[in-house]
Structures are given as C-alpha cells and as structure tokens.
Amino acid sequence: DRGGNLIAVQRDDSVGPHNTDAAVRKAFTALSTKTPTRLLAANARANPESQNLNTVDSLLLIGGGVPLKVGNEVIGAIGVGGSGGAAQDEGCALKAIAQVLPATAQ
C-alpha cells in the first residue's frame, strides 16, 4: 500500500524462500523511491553520489520492483523475485500491473 505495508504475497514452490524477502524489499524500494528498482540500480551504479543507497537496509537495488501509479500518483508497488534475473522479474511485475490497473490509469 502507500505506506509500504505488505498487502499480499504469493510464492511458487520452485522459488527459493529468500526470493520472498527480496520481492518485498524490491516493492518497498520502488514505492519509497517512486522508481523502478532496475532503473534505480543503474542510476546508483552510474552516479557516485548515489552509490551509497545500497547501504540503506530497507532498500534493495535489484530489478524487479515497480511502483504502481495512477496518473502521477504512486499508490503502491509490486516486487518480483526468482523469475531468472532482474529484467525477467521486472517484466513479470509489469505484466501483473497490466492485469490489475487499466491502461488508462497508468
């Protein structure tokens, strides 16, 4: 939700248990920064002043977290882990968002 509280979690039996925590942290990171985590990670690598973001315990700078937006307002976030890499995790999150938010709201 908007406050960073977990609303729902789903884990496939074939995914390692650490991916659940990673997905929650990715969602929190996307929500709190209002930025997809894959973009945030790339920006942190490219900007020396932002590299210390990876030292903030609650943030996870790995792709797979995407903010949920209605217009320009962030109303929550989705985090995915365990699909085979950052780009795949982000792709799954984007597909999930497309299923729950009408294209006109995004």
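1. Ala8 sits in the segment before α1. Helices (H or I, at least four residues) and strands (E, at least two) are DSSP runs, numbered from the N terminus. Ala8 counts as exposed, at 62% relative accessibility; exposed means over 50% relative accessible area, buried under 20%, and partly exposed in between (1.4 Å probe, protein chains only). From Ala8 to Val80 the separation is 72 residues in sequence and 12 Å in space, C-alpha to C-alpha.

2. A note on the basis of these values. This is a predicted model, in which local features need pLDDT of at least 70 and side-chain atom pairs count only at pLDDT 80 or more, while totals for chains, interfaces and linings use all residues. Residues are numbered from 1 along each chain as its sequence is written, and side-chain values use heavy atoms, with hydrogens and water left out.

3. Strand β1 (residues 65-70) pairs with strand β2 (residues 73-79) in the antiparallel sense, over 6 bridges; two strands pair if DSSP finds at least two bridges between them. Glu73 in β2 is the bridge partner of Val70. Between the strands of this hairpin there are 2 residues, and Gly71 takes a positive phi near 65°.

4. Glu73 has a further partner, Arg2: their side chains meet in a salt bridge at 2.2 Å, N to O. This pair links distant parts of the chain, with Arg2 in the segment before α1 (18-33) and Glu73 in strand β2, 71 residues apart. A salt bridge here is a side-chain nitrogen of Lys or Arg within 4 Å of a carboxyl oxygen of Asp or Glu, and by this rule the count comes to 3. Arg2 is exposed, at 52% relative accessibility, whereas Glu73 is partly exposed, at 41%.

5. Another salt bridge joins Asp89 and Lys26, whose closest N and O atoms are 2.8 Å apart. Asp89 belongs to helix α3 (residues 86-100) and Lys26 to helix α1, so the pair ties together parts that are 63 residues apart in sequence. Both Asp89 and Lys26 are buried.

6. Glu90 is buried, with a relative accessible area of 14%; Arg38 is partly exposed, with 38%.

7. Which residues make up the largest nonpolar core? There are 7: Val66, Leu68, Ile78, Val80, Ala93, Ile97 and Leu101. The elements that give two or more residues to this core are β1 and α3. A second, separate core of 5 residues includes Leu40, Ala44, Leu59 and Leu61. A nonpolar core is a set of buried Ala, Val, Leu, Ile, Met, Phe, Trp, Tyr and Cys residues joined through side-chain atoms within 4.5 Å.

8. Leu68, a member of the largest core, touches residues including Glu73, Val74, Ile78, Ile97 and Leu101, not counting residues up to four places away in sequence. Contact means heavy atoms within 4.5 Å.

9. In α2, the buried residues are Thr37, Leu40, Ala41 and Ala44. Seen down the axis of α2, they fall within an arc of 100°, so they line one face of the helix; the arc is that of the directions from the helix axis to the C-beta atoms. The buried residues of α2 pack against α1 and β1.
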